[in-house]
Amino acid sequence: MKLGTCQYQHQTYVCIAAGDQVLIPALDPSVEQSPWRDMLTLIERGIDYAAVAANATPFMRVPATAITLLAPIPRPRKNVMCLGLNYLEHAEETANQIGRTGKAPQYPIVFTKCPTSVIGHEAPVPFDPETCSQLDWEVELGVILGKGGKKITRENALAHVFGYTVINDLSARDIQLNHKQYFLGKSIDGGCPMGPWLVTADEITDPQALAISCRVNGVTKQASSTRQMIFDVASIIEWLSRGMTLEAGDVIATGTPSGVGFVREPPEYLQPGDVVECEVQDVGVLRNRIVA
């Protein structure tokens, strides 16, 4: 099932993708309203996919062109948790750029992006050269938890996943270089496009068998597979939950493959007018334009 958060007639709803239409359960008077008005509430309540599918007939259907998709979780309650250097070729290209020998990290490299950086599919990414002139792309598989916990074992970790989405971990490289850390350069406004949909976990047989790619103005910049992750989704959840309690609705960006702009010769950065498409197989294509 593909779930989204949309605006329809100036109201916000959870919607279900249905070809060139969307279903909006909250507009059906026989349906309990609160879970279908807010994605975080729906995630916390859980969802019986079979029951929803069996009872979808009365749900109001509207053309997909009549809605505006927001990020699946427009405002996460907490920072988005991100993995750095989680594909070996990306770790190598980054190390080469700074004159070091690339190798797989022994432990996950974790940083965060603030909730205010999240935007949705087709939302413009603001370009402010006074703040950042070296804006870089990073396609990533996003994981959204449906069940929290602490000290979650790798064997049980995927049972805690509600669904998957696509994230573009946009990075202000000049801010990262100047401040010697990730947070400011990762948290610029519009710096975390997410979407277009949240694909429920039952639709993804193996999160480590998905093609992943990024295109800028139609030109492929990144192309890999999630099987190339150093720490897979289950291991990431295990590591993150070792010392802190994870919660339903937490968002995890699992790292980007090689092909980012700042390591290219010469370096390539996004400019106003550029269109970035981030794609994860069976999850979707996330598209955003850079706008001055």
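Which residues are linked in a network of salt bridges? They are Lys-113, Asp-136, Glu-138, Asp-169, Arg-173 and Lys-186. A salt bridge here is a side-chain nitrogen of Lys or Arg within 4 Å of a carboxyl oxygen of Asp or Glu.

This is a predicted model, where local features need pLDDT of at least 70, side-chain atom pairs count only at pLDDT 80 or more, and totals for chains, interfaces and linings use all residues. Residues are numbered from 1 along each chain as its sequence is written, and side-chain values use heavy atoms, with hydrogens and water left out.

**Salt bridges**

The structure holds 15 salt bridges. Among them are these:

| Pair | N to O distance |
|---|---|
| Arg-287 and Glu-122 | 2.8 Å |
| Lys-186 and Asp-169 | 2.9 Å |
| Glu-277 and Arg-287 | 3.0 Å |

Helices (H or I, at least four residues) and strands (E, at least two) are DSSP runs, numbered from the N terminus. Arg-287 lies in strand 19 (residues 284-291), and Glu-122 in the loop between strand 8 (118-119) and strand 9 (125-126), so their bridge ties together parts 165 residues apart in sequence. Buried means under 20% relative accessible area, exposed over 50%, and partly exposed in between (1.4 Å probe, protein chains only). Arg-287 is partly exposed at 27%. Glu-122 is partly exposed too, at 46%. Glu-277, the other partner of Arg-287, is buried at 16%. Lys-186 and Asp-169 are both buried.

**Strand 6**

Strand 6 covers residues 80-84. 5 of its 5 residues are buried, so the strand is largely enclosed by the rest of the structure. Val-80, Cys-82 and Gly-84 point one way. Met-81 and Leu-83 point the other way.

Two strands pair if DSSP finds at least two bridges between them. Strand 6 runs antiparallel to strand 7 (residues 109-113), joined by 5 bridges. Here Val-80 stands opposite Lys-113, a member of the salt-bridge network. With strand 17 (residues 251-253), strand 6 pairs in the parallel sense over 2 bridges. There Cys-82 stands opposite Ala-253.

Of its 13 lining residues, the closest to its centre are Val-31, Pro-35, Trp-36, Leu-42 and Val-52. A pocket is an open set of points on a 1 Å grid over the protein atoms alone, where a 1.4 Å probe fits, with protein on both sides within 12 Å along at least five of seven lines; lining residues have an atom within 4 Å of a point. Helix 1 (39-45) and helix 2 (49-54) each supply at least two lining residues.
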